[in-house]
Amino acid sequence: MTTLDAPVERTLTLRETGPATRGTRPDEVVIAVSPAFGDPFTQTIVGVPHAEVLRQLMAGIEEQGVGVRVVRVWNTADLAAVSHIAARLSGSGVSVGMLSRGTTMIHQKDLPRLSNLELFPQSPLLDAPVFRAIGSNAAQYAKGQSPQPVPTRNDQMARPRWQAKAALLHLKEFECIRADAGPVELEVTIERAAG
Amino acid sequence: MSSPTAPTLTVADYPLSVNRPELLRTPTGKPVTALTMDAVVSGELTAEDLRIAPETLELQAQLADASGRPQLAANFRRAAEMTAIPDAEVLSMYNALRPRASTAAKLTAMADKLEQTYGAPVSAALVREAAEVYGRRRLLADDEPEDAATAATSPDAVTPAVAADETAADETAADETTGSPA
Amino acid sequence: MTAVQPLRAEEPRHSLRTEVLEARPVNLDGFVEEWPEKGLVAMESDFDPQPSVRVEDGRIVELDGRERADFDFMDSFIADHAIDVATTEASMALPSVQIARMLIDPGVSRSEVIAVTRGLTPAKVLDVVKLMNVVEIMQGMQKMRARRTPANQAHSTSARDNPLQVAVDAAEGALRGFAELETTLGVVRYAPLVAIALQVGGQVGRGGVLTQCALEEATELELGMRGITAYAETISIYGTESVFVDGDDTPWSKTFLASAYASRGIKMRFTSGTGSEVQMGNAEGRSMLYLEIRCILMAKGAGVQGLQNGSISCIGVPGAVPGGIRAVAAENLVASMMDLECASGNDQSFSHSAMRRTARMLPQLLPGTDFVCSGYSAVPNSDNMFAGSNFDTDDYDDWNTIQRDLQVDGGLRHVREAEIVAVRAKAARVLQALFDYLELPRITDEEVEAATYANSSNDYPFRDVLADLTGAQQVMDRGVTGLDLVRGLEATGFHDVAENLLTVLRQRVSGDLLQTAAILTADFTPLSAINDANDYAGPGTGYRLQGERWEELKKLRHVTSATNPETEVD
Amino acid sequence: MSGRLVVGVDIGNSTTEACLALVGPGGEVTHLGTALTRTTGVKGTPASTEGALTAVRRVLTDAGRRPGELDRVLLNEATPVISGLAMETITETVITESTMIGHNPATPGGEGLGVGTTVSVLDLAGHPGDEPAVVVVPHGWDFDDVAAALNTAVARGVPVVAAVLAGDDAVLVTNRLRQPIPVVDEVSAVEKVPLGMRAAVEVAAPGRTIRTLSNTYGIATVFDLDPDQTRQVSPVARALTGNRSAVVVRTPSGDVTDRRIPVGVLELRGEVRTVKVDVDAGAEAIMDALARVQPLRDAHGEPGTHVGGMLAAVRDTMADTMDDGSGGAPGDIAIRDVLAVDTFVPAEVRGGLAGEITLENAVGLAAMVRTSRSRMAAVAARVSAELGAEATIGGVEGEMAVLGALTTPGTRAPVVVVDLGGGSTDAASLTAEGVCTAVHVAGAGELVTKLVDAELALDDREVAELVKRSPLAKVESFFHVRHEDGTVQFFDQPLPAHVFARVVVLSPEGPVPIGTRHGLDAVRRVRREAKRRVFVVNTLRALRQVAPDGDLRRLDFVVLLGGSALDFEIPDLIADALAAHGVVCGTGNVLGDQGPRNAVASGLVAAFAQGIG
């Protein structure tokens, strides 16, 4: 049978290896995750496991032959700030920033903080293929190519279903902020769950 | 022009366009009855003729006072002062009042200009008051560098991205699961 | 190892009824537990401040337990502009329960209540409305609404920003009874064409309808200054200093902007709503309603005539917590108690459940508000560029039936198809002629035909977007004004529409529409809280749905004739 | 003042221009202003009156004059000209039985050539250990699982030599293999790949193209083909040329054909003979046939074909336009010129498995219809009634254009003007003796737009129009662009995010991204070629018709006029082509300050003044 029938469970381990530094490779994308990503939260607002989110983002970048580093931003859970901090750490200047609930942004260091290359604001509509495409596009920007923007989806009924939960997740993520901690480099290990 | 000692209006005079049209003039001095279709077609009227005159705003301020709405009346009096300010300058003054957009000196200069150039003491007072509060609440331009790198350590850094989208039509779905706030 | 092990743990068996209930649309809605410490609570929170006020030397020096030195900018603004210093200590001395009772007591007039509320602090206002259940809130609203005659507002937008669709749906909406029409854009550069379309379409449907285009401040103000739009409302304010600053504004900048609009003769209201601060993560531990009350007082202090509130785009947040919709009803009441025009929400997608959608609007529909919806979608929700409304065109007949069932006036009426088709056709032809006159991208006869009978944007031929955008830019570059529109309408033979638009523009010179809760009637009489003041004083008083208007609302699409039961009333 | 206030009005195909002047008693002319507006309806028909009135009113307003002061409105004798455009694809590539996967995924994996038997990854476990396997992976497989399956098979001793994937996973899979193999991915219809067949997969290193499968004899070697079979596979090799990766599967009757599509016959009727030519014979054959029948009296397309439909539609539009309600025959409506241009249209290959795109040959056709009848008299009557001033037909378009062009400093008769318009390219010559001849040929700016749109597969006429009008640049960072001439421009403010890293058109409203995967050079080449094939070819065609004995060398001055003469490169392209014939060519500057605009309107005023003086 194909793997579609039985989604494989994977575990995500994020180990801090030290303060994040500015990259020198022009062919890298930096992924920045927010304070609560992976721990204590383990999935996006609609239940996509963080292990899978990161795996797909990184796969999208790898498929384009571009390097990837993952960092955690501790002192803010503002997506634009998370993404822009990562862009300034990135050797290519291109970054992917994401919040625990799934909201994602592709940023570039020369853009104003509140601007972006691509923004995926509706976290409930982001699934694994979208994260793969986001990674792929970020890598293509890093290579100086012109990818077609990942189509964004819209669902007017996301408000009644998800708005309050998003607010709740946002508040929880805020509680994990460490105001005096700088961004740190992460070593990512994704393994198949036992059994 | 309406005389400086215009009658004090009562709520019974409202609506002026129906009950007291003789008091209404355009900023160019035409009576409101001159705003006819013939005048439009012949090209006699310009966009300037369809603006409100400061005297009219004062009349409406009197009506607001008479109906127990002092804040609304004050708004109309500031507005009367602002009729003299060109559109672009009105917008730039508004932008200067945004948080961390101006230094104390700049706001003071703006207040002086309102008072001296435009004869707008009520609006000038509003700007001076803003300067005082901004100073106390650290909302003047010097209080916080724009630089995003330092945002990390500022209280501002713990604000969500959604606020940024406010300037696009406030009611459109700009953020998160749905719209930006209100 | 023993023998028969199940392959996987079995789920507990569900009852068939649970399955039915699980499938109900209401279970697609999201609900969350309260978290008062973070402000994720509607209106009953131990973390809200206690009411207090102290005046020294004609100045408020203590507000809701905070000393002046510790005031944040909301406190400062409210203390110095919103609260009547002369009466505040007396008003604050009244027990909250007494004020709450005044609100629902038919023997106490609206102005007597206002005389008290003008001196109340935010915490005191909260203390008062916390005493009221939802029926009492409605009773209060019935009396405190500023304008005697209730009205309604529509959204007219297009998923393709097609100006023609906006025009014909505006015309139909105006004919159905909306007093105000609002639009916004997917592609912002389309704004000039769409704003023109809304204005012209509205005046075809019913002379005197007021229009606005929601955009960033500079463009919105410019369109208003040129007379292409008639009013503005998307001027957002927030209940905490930090969120206000995140929105790149302060009470002083917004107050200045309010005067700027008035100085150009343009009607304007602010926008706020419960839930925005907590959604943005900076509620400072206050309840949603407490923060909204601060917004309402700030608006009053700014001297703006009215407010759009009722949670608006954050409705999913109060909608998900216990008592949230009661809080939303309360915020509308507070706006009215503060003597502001209230455009009372019901303008954003709220629930998957038709029952919840209806229940959510009853506290506004039943007592009546200045605008029951601050955006009923006059296009199908798929075309609603405000991200969907609580009601759309599909709901027209339901709305009309509810008005008839309960004998309440929600601002709309049933209109026969022939009239609707005729007004749509006319609006389309008018816009076609006007675009030709202004040398804007042509509207073809095929488009006119499609617009006449269309439901959604999918029913229209595609427009040449780039040509439209170039045309839109020309409207700005050439400095086209409302006067040019009048001239074009007159030159192309649509004298009645030209006359309607000129009359609306002329109103700007009089300033009558700047007064609280002003709208224009079909005979172009300004109707506001001054000449149509709410005079409710108990049963048999105030606005009553009766006479000609009631006859109008008795009509529905299908009503069996009593004279000849084999036919239907036309 | 004793002068007479006159206004010349030129109703052109797309714009209507006015020139206001005061003509003194001695014929001396004082120019008071010019105006430009969009032509309403078809020029020369009553519908065009509105535009004429707008232009006149506008020029009067600008000059501060009232209509009552006008002595005379001078209109040109505008012959209605309607042009039509059609594009016919004349070749089609068809793959039968899935023999070839010739698309070019952005990121194939590994490199080299792998030859073996196709086997589904689902059946890999049962694959015999001695047979090289080309593994085919359907949709839904995760890259980790694919890599694991391949590594397992290799560990078991199966020689896995290559893989073909549905998803965009080639690099991911290759990076996880213990032994690298070539992998082709993004094969959308992977389920149609025949299994159990011999197949070859080739991937070249980045920046290189495949060598074996794009070579007929390479394929023959790989599959042991005999000479007859080898002949059959040559289209396969041709189709794969230039790719970085490819898959070829050998099936018993698989084939790739490149066939011509019959698209109909064009019948060209000249003064003396009629010639029929197949449209799929290409532009050269059509233009040769046209040359043989010159002058063309009419043309017809085979009914039921696209060309037939296009020519009939052009004719019908003119007939409707000229129908004045009198019930009379709408005069002589005939197709008077045709321009055929060879072009390439990217098209999806029929029978392809991965949405392969190939450039198919196509012919672009412009046709022009004129009528012998003009209704300018009716236009003049209406203009006169509206303005309350006398309106007369002041002259014939071509002659007036020459008169107007002669107001360009540095020109004198004999002179030839070429009006580069939207629908047609017109030429008029004035000899030293004052003899004037004028011609119209089909094809101008609109055909250029169509060619750009088709060849870049933009499917967006508006973007194509932008590409035509403005130079290109590549946005290399938020703060600088590289222009198409290689120069770099820096900006203080960051460019908008949506243009980042894109090829953009530098339109007057700012940079507009072009939705194409082509690089800047390819877009530029397409644009310049389109302009050359239409405007240079047409200018030469038109000049040959007005030149003495058709000899371009006997022309002295050529003045370019019309909207397309304002283009940033068309005048240069034409000047370069004419330089070879020793002709002085430049863009007109009517009245010394109008550039190539307003020639006819100014010419009308000049003609009127000459009549007085």
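**Exercise 1.** Between which two strands of chain D does the loop holding D:G110 lie? Determine also whether D:G110 is buried or exposed, and list its contacts beyond its neighbours in sequence.

*Solution.* The model is a predicted one.

Step 1. Locate the residue: D:G110 belongs to the loop that runs between β7 (100-101) and β8 (112-120) of chain D.

Step 2. Count the surroundings. Within 10 Å of D:G110 there are 23 other C-beta atoms. The criterion for a buried residue is 20 or more such atoms; D:G110 is therefore buried.

Step 3. Set aside the neighbours within four places in sequence. The remaining contacts of D:G110 are D:T174, D:P180, D:I181, D:P182, D:V183 and D:V203.

Step 4. Compare sequence and space for one further pair. D:G110 and D:P206 are separated by 96 residues in sequence, while their C-alpha atoms are 9.8 Å apart.

**Exercise 2.** Describe the domain assignment of chain D and characterise the contact between domain 2 and domain 3 of chain D.

*Solution.* 

Step 1. State the bounds. In chain D, domain 1 comprises 1-79 + 374-407 + 593-613, domain 2 comprises 84-90 + 261-370, and domain 3 spans 99-253.

Step 2. Count the contact residues. Domain 2 of chain D contributes five residues, which meet eleven residues of domain 3 of chain D.

Step 3. Classify the domain 2 side of chain D that touches domain 3: two residues are nonpolar, two are polar and one is charged.

**Exercise 3.** Carry out the corresponding analysis for the side of chain B that touches chain C.

*Solution.* 

Step 1. Chain B supplies 68 residues to the contact and chain C supplies 86.

Step 2. The elements of chain B that give two or more residues are α1 (16-19), α2 (37-41), α3 (54-66), α4 (70-82), α5 (87-96) and α7 (121-136). Of these, α4(B) gives the most, with eight residues.

Step 3. The chain B side divides into 41 nonpolar, 17 polar and ten charged residues.

How values were computed
Residues are numbered from 1 along each chain as its sequence is written. Chains are lettered from A and ligands numbered from 1 in the order in which they are written. This is a predicted model: local features need pLDDT of at least 70, side-chain atom pairs count only at pLDDT 80 or more; totals for chains, interfaces and linings use all residues. Domain bounds come from an automatic or database domain assignment. Two residues are in contact if their C-beta atoms, placed from the backbone, lie within 7 Å. Ala, Val, Leu, Ile, Met, Phe, Trp, Tyr, Cys and Pro count as nonpolar, Asp, Glu, Lys and Arg as charged, and the others, Gly among them, as polar. Helices (H or I, at least four residues) and strands (E, at least two) are DSSP runs, numbered from the N terminus. A residue is buried if 20 or more other C-beta atoms lie within 10 Å of its own, exposed if 12 or fewer, and partly exposed in between; C-beta atoms are placed from the backbone.
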